[in-house]
Structures are given as C-alpha cells and as structure tokens.
Amino acid sequence: MNRSRQLVVLLLLTVLVLGLSVSAVAAQEQTVVIGFTASQTGKYNVESTRQINGLNLWLNQVNDAGGITLSDGTVVTFSTVFYDDESNTDRVQELYTRLATEDNADFLISPYSSGLTDASAIIAEQYGKIMITTGAASDSTYTKGYSLVFQTYTPASRYLTGALDLLASLDESAQRIAIVHENDKFSTDVSTALNDYALELGYEVVLFEGYDSGATDFAPFINKIQEAAPDAVLGGGHFQDGSTFARQLFEKTVTPAFVALLVAPPEPSFSELGEAALGIVGPSQWEPLAQIDASAAEAAGVDFYGPSSADFHDAYMEAFGEEPSYHAAGGYVSGLLLQKAIEDAGSIDTQAIKEQLDAMNLLTFFGRIQFDTTPEAHGLQIGHSMMYVQWQGMADALDKQIVWPPEAVTADALYPIGGE
Amino acid sequence: MSLTKLRNPGLWITVIAVLLLGLWPIVTQRASTREEIFTVLLSVVLASSLNILLGYTGYVSFGHIVFFGLGGYVGLYLIIVQGWSLWPAMAAGGLAAGLLALLLGQAILRLRGSYFALATIGINEAMRAFINNFEPFGGPTGLSLNFQTYNAYGGAANALWLIYYIVLILALFNIVLSYVVKTSKFGLGLMAIREDEDAAEVMGVITPRSKTWAYVLSAILPGVVGVLFFFKNGNIEPPQAFRLHMSIELLVMVMLGGFGTVFGPALGAVGYQRLRGLLLTSDLFKNIQLAVAGLLLLLIILFIPAGAVGWIRRRFPILRRYLP
C-alpha cells in the first residue's frame, strides 16, 4: 500500500514538474510583429510584391528554424501585419500609425519607393519604432534628423558613379559625357550626383538634359547627343523609358562607346531588345550571378551573415518559381538585418537594437552593410555598393554579366559598344 | 445676409455631425483614429470647396487638386527655405491658390461645359510640368522637411494633433461658408448661372464676376489644407501634389453626397473615405478593396444619381429644412 502511495506521489510530482516546465517554456515564447504597407495595387505593384516575397521568405525560414533565442532564453518568432498603400502617399501615414498603435508592430519595414518611405519614416520616428527601409534609395530621407530609420539600398547619389569608375578603367582617353535622364525625383537625384562626380573626376559634361516621365520619343535628345558627340551616354530613368531610349539610340545608329542606363538593363526582359541591348550597362543593387559568401567576407576582413547568394537564389526559386530580382533580395535582407541586430542585442528592445544596427559592419549575400551614424545622415547606407551588369554575346542569345566592381566581375566589359 | 439665416437647424445639424466626428479621436486619444478622421476631414474641406464651383455654379472642375498642390508647395517653400512658421505659411498657401484661381478665372471661366472641364485638366498638368522644372521648389526632387522642424510645435506627436485641430476647424468653417454662400444673394446668382447662364445674365447677374469669385472661394481652403497635408507628410513632390486621380475622387464624393447641397459633400466625403478606409484594413476585403469600392460606387450612382442628400430631399420633402 505504502509502495503504491509512493508511486502515485511520484507520478503526481512528475506530472507537476513536467507541467511547470511546459508552462515555463510557453512563457518564454514571444511573437514579434513586423508591420509594413505593400503596394498591392498601383504602379509599384510588381516591385513591391517581389520585395514582400523576399521578406516573407526570410520570415518563414527563421520561424521554421525555431526562431531566435534571446539572452534571457525567450524564443522569438515573427509574424507580419500589412495593408495596401495603393502606391500613393495619401494613406501611408494613416496605415503606419495604425500599425504602430493598433497592431502593436514591434518593427517596421518601409513601403516600396522613396516617396512613400518619406511619409512613413516620420511615423516610425514619432512612435519610436525601428524602420528598415528597402526599395527606397533617395538620400534625402536620411538627412532629416531621424535616428531609427536604416537604409539597405545603395543611396541614389551612388547609383551611377560606379559606371564612371568602370569607364575610367576601360578608357583613360574618354573625356566627354552626356547625361540624359527622366525628370523625376529618383533619376534627377542620381543624375545630379553623377554630374558632380563626373566634374570631380575631370570629365566634361557636354549635355545634361531631363525628359518627362512617360516620354516615348527621344529623337530631340538623340539629335543633341549626335551634335555633342560624347564618349559616353549615361542616365535613363525607369524600365519603359530606359528600354525605349536604348532602342531608339540603336535605331538611329547613334552608338557612343559606352552607355549606362538606370533600372532597365538589369531586368531580364531588357534582352528582348536584341541587338539594341548589346553592350548597355546598368546598375543593380544585387545580382544572382554575384558569388557573395563567407569566403568573400574573409577577403574583405568582415563577418559574413546569413545565406550565400546561391542559397538565397535557390530558396527563392523553390518558394516562388521565378528568378529573384534585387527587390526580392532587398526585402529578404531587410528582415535579415533585423534578425542579426536582435541576435546581437539579445533582446527586442528598440534602443538595444538601434545600437546594434549603428555598430553593424558585415557582409551578407546582398553585399556589405554599414550605416552612417552621424547626426547629419543617420541611417544612410554607406557600406553597400552597386553592381554593374552588361548584356553581352550574340543578339539572339544575350547574356547578362557583371562587369563592375572588380571583386564581383564575371566577364570583361564589352568596350566600345559595337567595337571589336 | 441676415443672422436669422444662421438659425437654420439644417446648418447646425451638419456642423454638429462633423464636430462629433472630429471630436471622436480627441475623446478617445487614439492616434490611429485621428489619422483616419484626418483623411476624412481633409476630404470634407476639399469636397465642400469644390461644391461651391461644381454644385452651386454648375462648372465641373476635373483639376481642382491644382490648388491643393500649389498651396502645399508655396507653404512648404516658405517653411523650409524661408524659415516661416506654419501659420503665415498656411495663409500664404491659401492666398497663392486664390490668386491662381483669380487669374485663371478671367480666362477659362469663359468656357462652358466640357470645354471648361478639359481646360481644368490641362491646367493641373501644366502646373505639374511647371513645378517639375521650377528649381526654387526643388524641381522633380521636391521639398523635404527636417524632422526637427516639428520641435517648434512641441515635437512631432504634438504637431500631428495641432494639424488635426486646424483641419477640424477648417472643415467646420467651410460648412458654414458653404451655407452662407448658398443662402446669400451671391449664391442665388451662382445657382442661376448653374440653371441657365444666359438667363442669369439677362436677370442682372454679372456672371463673369460671380463665377470668378466662386472659383476663388473654392480654391482658397484647398490651398490652406495643402500646406497642412504636406507639412504633416514631411515632403512634397510634383506627382503627389497634382494627382489627377484625387480630383476625380473629389468629384465622386460631391456626387455621392449630393451636389449643390451643404450637407451632401460633407456626407459624401465621410462616406467615401470611411468606406475606403474600412475596406483597406478589413481582413476580408483588403485584397480586393478597389474592386469592392468600385462596385459599391457603381451601385450608388446607378440607383441614386442625385446623391444621398438629393435623394432624401426628393423623397422626404419635409426634411429639406434639415438638409440644406
């Protein structure tokens, strides 16, 4: 009888201990809410969707791996809350306020585009929420005195400057450049910075012209390019106008030795231009071709964090059945940076994570990441650099190759265009 | 205009309805509600202003947003570049919009019907192209406000509440102004123009002058709220300042509530924006919110073309006194 009573007591104790430990584990789980708006409708739909796909891929991978364990043993997993911003600023502040106050988002990710990010960053700062921006290249967002907004993209002021470095490495005698750009905020910011950099390097800017968004006839600009006879043409704007500009340059047999255009050339569909795409250079935030992994970090003397380019590429292909664009990579890396900061801080406290982001200097598959910590431009991306791609090969079988910077090159640059 | 007209219960019903709506976030102190109602009140001001031209005078303006954008640009330029405070910048934004309407009115109000409507679209596009190339306003890059600017107003949180109070006051003021205009001799002249411009002229209405002043009146407050919206937004760029889509939404609000009435545009603005807001944040509809909003608008316009207030006034004549 005694023996059976002892057994019952032992069993009860076991159940109690097990119950306590289960409840202790349950108490140590926490779900962190990430809030953002996505352009499910409107003109940014494609880019924004890819950005969100990238973010969701990161989130699923972290959650599937069991989350992040903080220094106090709490296991953090992630969930998202998002709304459609319709690709315009009207309701961005309303929706981000809702995310910060009603949905209790712990961290915020920016919408796609600099204009929408500008409007949302005020709300992030006002409610003391860390915001990782992606798809927002404009420099001006980070010169407004914010302390909690961090940029993943290379800023607009450095979008095309590498193309001039590439030109200088290819031809020291090239002196005359023409800049023809779309007259919108992003392209003008890029082109103004490019103009300043060209003058600094001693180039002569023989033409600096803007064309209206939606332009379809570039004949007046091409005539001016013909008259100015530059060694290189740089500029462009977005996909549609950039493609048309490249095609009309080819049709009018105006082929400067070097052409670098914004946004359009890295897109796979740019190759549909055939011979007109041959030799055109374009800046890209990230390319699947780039082999960025732990060995690259070792060479650069910094830590590597996250998956390699190849791993990200394969995981994205498997999840979404399409090639990841740099928008998708940007979305993924915005979550990855948050993950790294949380791991290093060992907590989800805003101030602790801000300090980790301020101190961050590492290499990811997306490239180098480091933020400006001066009050004048806090959060501006100073580590990441653009890659420059060029379409090479035969007109009916074009290949996209990385031609700059030297550490990422996959093929020598074709120069001059149409040359031997 | 005698003060006895201000005793009309319909006016005060409208004012109290908007006031109660505006007080809701102040009582609850919920920032997200404040943001939702801010969007609604902004639309009340814009739609009621447009109604003076569209509803009373019968001139359809597709480009009314030009005054909102120009006011915003002038105000932000004065705040950012010239270091002005918000108050005089608001006044300057309103004056600039009014001045533009005065100058334009001399020229385009001679046009009638669809010709006038087309001209207003052209003006909006021309202004956007002009600002896009106007360097003092930042050209295509626009103007950006430093976050520290809000410190002069007690920090960003206080500034957002301050802007909200101002928009609420402007919305109430605009409703009273709409009523005063409607019940004045000037307003009767405008409505005579709407019904038959030639007949109105024969009856002694000086139509060019009346139309121009209606245009100016309908432009000033959009200019003022443009300053407030972009001050709150933190930056201004040509595509968002002169968004034709927003002009069309304003027309929908006025038509939805009932054009030519005082209560109608306010009701249309509240109904339209609340509907869009609810659909955007509803788990059920947020992925198809534009399609649902479009369908609902189509049904409303098909079955109650005179707008909600117009329909009620026709169906229940006894209520006309309460729905001006």
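**Ground rules.** I number residues from 1 along each chain as its sequence is written, and chains are lettered from A in the order in which they are written. As the model is predicted, I note that local features need pLDDT of at least 70, side-chain atom pairs count only at pLDDT 80 or more, and totals for chains, interfaces and linings use all residues.

**Entry 1: domains of chain A.** I looked up how chain A is divided: domain 1 is 29–154 + 289–370 and domain 2 is 158–284 + 387–408. These bounds come from an automatic or database domain assignment. The C-alpha centres of the two domains lie 30 Å apart. I found 10 residues of domain 1 in contact with 11 residues of domain 2 (in contact: C-beta atoms, placed from the backbone, within 7 Å). The domain 1 side has 4 nonpolar, 4 polar and 2 charged residues. Here Ala, Val, Leu, Ile, Met, Phe, Trp, Tyr, Cys and Pro count as nonpolar, Asp, Glu, Lys and Arg as charged, and the others, Gly among them, as polar.

**Entry 2: helix H3 of chain A.** I checked burial in residues 92–101. Of the 10 residues of this helix, 9 are buried, so the helix is largely enclosed by the rest of the structure. Among the buried ones are Val92(A), Tyr96(A) and Arg98(A). The cut-offs are 20 or more other C-beta atoms within 10 Å for buried, 12 or fewer for exposed, and in between for partly exposed. Helices (H or I, at least four residues) and strands (E, at least two) are DSSP runs, numbered from the N terminus.

**Entry 3: Gln370(A).** I located Gln370(A) in strand S14 (residues 367–370). Gln370(A) counts as partly exposed because it has 17 C-beta neighbours inside 10 Å. Leaving aside neighbours within four places in sequence, Gln370(A) is in contact with Met360(A), Asn361(A), Ile382(A) and Gly383(A).

**Entry 4: two helices of chain B.** I looked at H3(B) (residues 65–80) and H5(B) (residues 113–132), which pack at about 25° with axes 9 Å apart. That angle makes them roughly parallel (angles under 35 degrees). On the H3(B) side, the contact includes Ile65(B) and Tyr73(B), and on the H5(B) side Met127(B) and Ile131(B). By class, this contact has 7 nonpolar, 2 polar and no charged residues.

**Entry 5: chain B against chain A.** I found 29 residues of chain B in contact with 28 residues of chain A. H2(B) gives the largest share of the chain B side, 5 residues. That side has 7 nonpolar, 16 polar and 6 charged residues.

Definitions and conventions:
Axes are lines fitted to C-alpha atoms, for helices over the stretch in contact, and angles run from 0 to 180 degrees between N-to-C directions. Angles under 35 degrees count as roughly parallel, over 145 as roughly antiparallel, 65 to 115 as roughly perpendicular and the rest as oblique. Two residues are in contact if their C-beta atoms, placed from the backbone, lie within 7 Å.
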